[in-house]
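My notes go down in the order I looked things up.

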Amino acid sequence: MTRTLSDLAQFLEADFEGDGEQIISGVAGLENGEPGHLVFVENEKARLLAEKSRASAVILPLEAPGVGKPALRVKNPRLAFARVAGLFAPDHLEGEGVHPTAILADDVQIGSGVVIHPQVVVEKGAIIEDNVKIGAQVFIGKNCKIGENTRIYPGARILADTIIGRRVLIQSGAVLGSEGFGFVQEEEAHLRMPQLGRVIIEDDVEIGANTVIDRGALGPTKIGQGSKIDSKVIISHNVSLGKHCLVVSQSGIAGSSKIGDRVKLGGQVGITDHVEIGDDIMIGAKSGVSKDLLEPGIYFGIPAVPARKAFRLQGGIRSIEQLRDRLKKLEARIKILEKKE
Amino acid sequence: MTRTLSDLAQFLEADFEGDGEQIISGVAGLENGEPGHLVFVENEKARLLAEKSRASAVILPLEAPGVGKPALRVKNPRLAFARVAGLFAPDHLEGEGVHPTAILADDVQIGSGVVIHPQVVVEKGAIIEDNVKIGAQVFIGKNCKIGENTRIYPGARILADTIIGRRVLIQSGAVLGSEGFGFVQEEEAHLRMPQLGRVIIEDDVEIGANTVIDRGALGPTKIGQGSKIDSKVIISHNVSLGKHCLVVSQSGIAGSSKIGDRVKLGGQVGITDHVEIGDDIMIGAKSGVSKDLLEPGIYFGIPAVPARKAFRLQGGIRSIEQLRDRLKKLEARIKILEKKE
Amino acid sequence: MTRTLSDLAQFLEADFEGDGEQIISGVAGLENGEPGHLVFVENEKARLLAEKSRASAVILPLEAPGVGKPALRVKNPRLAFARVAGLFAPDHLEGEGVHPTAILADDVQIGSGVVIHPQVVVEKGAIIEDNVKIGAQVFIGKNCKIGENTRIYPGARILADTIIGRRVLIQSGAVLGSEGFGFVQEEEAHLRMPQLGRVIIEDDVEIGANTVIDRGALGPTKIGQGSKIDSKVIISHNVSLGKHCLVVSQSGIAGSSKIGDRVKLGGQVGITDHVEIGDDIMIGAKSGVSKDLLEPGIYFGIPAVPARKAFRLQGGIRSIEQLRDRLKKLEARIKILEKKE
């Protein structure tokens, strides 16, 4: 597939300069652009690289000097680049209709334009809305609902009763609707507390590879609209994650915790159960949250504290040796004073 | 399915008060109980909520005041609730017999009442005991043995030679019997040490979604009776985990470590290889254990130390600034004394 | 299968002493060796155990005293043992040809000696070289290339465009080629940055169970020759991992970071994005790396610092209480001096 630069300008509602008939056959990074490629420039350093790049055209900020190539002019070059890249991105789930080796229960409702790849299992009562694409070897349990234009990569498991919104991406090996870690102690044994809730995924959410989202114990586990969850994350039973959150790989949120909107968790963060994280909070990688954090801002550490305080504590640790030296000197000086008495 | 309150009283061997003919159609949390639902009360706060709940009946502690609804009276309301909830829990693996798309080797032994869902593979020499239920797309390798009433959720992988006891639950995406991280260095290369052992899972164990349990290198990796392992945990080769342990999500136990009975690991705990953890030890979330811990008690930190000591160390860090201030004042006071000489 | 001791001596190019006709039917650890087994001895403690072992033969260092059993004499007994164990290791992927339930696109190229187990899906354009063995329920996407003698365990997912070298082992539940966590913020929403790169796995690499390796955003994500990655690791988009590295379970390397050769990461290590780790660096378990580490050596801590410094910082924390005591005494002594004025 190719596009002309002027086509792309129209697509982005942007101005262009130079040859509008320049053929664009793909996008690339500044270091590996080839003829036919479109690259993007966000700052002066990138602009200088773009001048030397073999790429044929460039997306430039509105006010930046040109780089001697045909250019698209936009306010946010990275965003424009993401949009154009989307045009050239291959569809890893392309296909047509329902593959004969897929096993669908009799009463499954399938919308128009649905693609179901080989060896998929869809159990009874499931609803697959229009234009959903389901990769090979996916499992969709009883009474699940998969919203329009949602895409599910090979080998994801959507267990019974899960509700998934529109334009969601679920990656390979993700498990939605597993049974959370709820037990009641009976003498030394642990009796399972049945997990009777479900998982609800709102529109425009992404769930990374091998991530696990437990069903609720009684109510739902809920992922808010537009939130993006990376790979290998665990979201436990009855968690509520707000809208437009980012949760980086290998983080975990324990049972019933309530996370606000636009929250960002770095990698390998742990949040204990039954805490509340307010809106607009960012928690640094590897932090451990053991109590409510409500004030917007950046937190880190184990336990997580406001960033400024965390830096002070780390600085304190690094200063201990120096404190010891000062203390030693004082002890010597006092000894001298005492002797003089 | 519905039950009367008096039926449930009989099931729990409990007394009831109020209308024994009250129909119970399900269980619920205190906040979302609806007519027909049974809720439970553990403390006075919950009791006040239960009074206002729309639920039709309540499980109460033996001595608590009533809440104006039909009630079951038990010693441990949470435990009783878990048992009743189990009656109402849907069977996500319901089905009948062996699905025609399942591929079973000729010599596989299948007990009575076994359910095998679509696209399961069972290799030669495997034994599936009575009433086992195996979800879609599960893999069971050569010579595995799956004990009575065990349940395996869609997409779990039980690799060759694994022995699983009775009433075990294996969740989606779990891998049992993978090859552990054993290598021998040969110049700069790493030669694989063949992993010739197996995984042994005793009765009443649960293994969470996407958890990995490596086979032993020579002997077995062993999970003791009644232990519950959450999602995304790694149990490495030759680990021995005792009975009735709880291992929370994203924890890891490295090779050959020996964990006692009734041990509890919080989330994201790491235990290094070849250490011993005694019985009745609890290790706090995110801790790192690098040496034997034998004395029963609570430990946390990196490295993990007894909780009291860990708290003191954390308090110490928070006090550094104050120490610095006191030191500064002393320096000034000494200077004054020295000048007076 | 059995071998005589003299066969094994020839295989290892080693000398033997005692009965060369001793039949060896397997290998074992020192504690559980049985008649017919071969064990190995690395040190005096092991040598004493070997003397009492029921095993029939032993691999001994060149200079060690004998143990009263037929013996193989080698420079590196552990390495020799790994090689012999490999002879006795069962082939978990044994089989013949392509199983009829495997779904292969018409244009897939299959080498000689390839084994493909049931319910595998291989999409169009894929190349499977000679002697590759693919376990049940594996997915191989469009245009993947799988090099000679590579082995893929049941339920791994190799997504489109992935290039895998020779003699690679990919374990169950691993996902190669997932879409990395790249987004562009547009007001409060996060727009996906299309991930157009691929994964390249060089020869002799191992990838553990449920590990995730994201495709590159524009260029490749690359795993260097001979590197071994344990289970549940995440390698993010555009990471470059060098040759002969070891990455232990539950570690994560964030986007675009560049790791040198012979690097070892302990368990649960986190490396932030866009950093560089030089050759011959070892990073202790649970460490967090937030900036470049270029000097060969051992590092640990959050943030990771050279081991010697990390130990000093930990010692400093443990000394705070003592510093406080010394400070208190000084304060008392100064008070006395001040009063005497």
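**Ground rules.** I am working with a predicted model, where local features need pLDDT of at least 70, side-chain atom pairs count only at pLDDT 80 or more, and totals for chains, interfaces and linings use all residues. Residues are numbered from 1 along each chain as its sequence is written, chains are lettered from A and ligands numbered from 1 in the order in which they are written, and side-chain values use heavy atoms, with hydrogens and water left out.

**Symmetry.** I laid chain B on chain A. The turn is 120°, the shift along the axis is 0.1 Å, and the RMSD is 0.1 Å. That is how a three-fold axis relates copies. The superposition is by least squares on the C-alpha atoms of residues with pLDDT of at least 70 in both.

**Domains.** I looked up the divisions of chain A. Domain 1 covers 3-88, domain 2 covers 103-304 and domain 3 covers 310-340. These bounds come from an automatic or database domain assignment. I find 37 Å between the C-alpha centres of domain 1 and domain 2 of chain A.

**Chain C against chain A.** I count 66 residues of chain C in contact with 65 residues of chain A (contact means heavy atoms within 4.5 Å). The two chains bury about 5,200 Å² between them, and carbon and sulfur atoms give 62% of it. Buried area here is the accessible area (1.4 Å probe) lost by two parts on being put together, summed over both. Phe181(C), His190(C) and Leu337(C) supply 12% of the area that chain C buries against chain A, more than any other three residues. I also find 8 salt bridges across this interface (a side-chain nitrogen of Lys or Arg within 4 Å of a carboxyl oxygen of Asp or Glu). One salt bridge joins Glu321(A) to Arg312(C), with the closest N and O atoms 2.6 Å apart.

**Chain B against chain A.** Here 65 residues of chain B are in contact with 66 residues of chain A. The buried area is about 5,200 Å², with 62% from carbon and sulfur atoms. On the chain B side, His92(B), Lys286(B) and Leu327(B) lose the most area to chain A, together 11% of what that side buries. The salt bridge count is 8. I noted the pair Arg333(A) and Glu338(B), whose closest N and O atoms are 2.8 Å apart.

**The open sheet of chain C.** I read the strand order as 9-12-15-18-23-26-29-32-35, 9 strands with parallel pairing. Strand 9 (109-110) and strand 35 (276-277) of chain C are at the edges with a single partner strand each, so one side of each has no neighbour in the sheet. Strands are DSSP runs (E, at least two residues), helices likewise (H or I, at least four), numbered from the N terminus. Two strands pair if DSSP finds at least two bridges between them.

**Strand 7 of chain C.** Is this strand covered on one face or both? Both: Ala71(C) and Arg73(C) on one side, and Leu72(C) and Val74(C) on the other, are all buried (under 20% relative accessible area; exposed is over 50%, partly exposed in between, 1.4 Å probe, protein chains only). Strand 2 (residues 15-17) of chain C pairs with strand 7 in the antiparallel sense over 3 bridges. Strand 6 (residues 57-61) of chain C runs parallel to strand 7, joined by 4 bridges.

**Phe11(C).** I located Phe11(C) in helix 1 (residues 5-12) of chain C. Phe11(C) counts as partly exposed, because its relative accessibility is 36%. Beyond neighbours within four places in sequence, Phe11(C) is in contact with Arg83(C), Val84(C) and Leu87(C).
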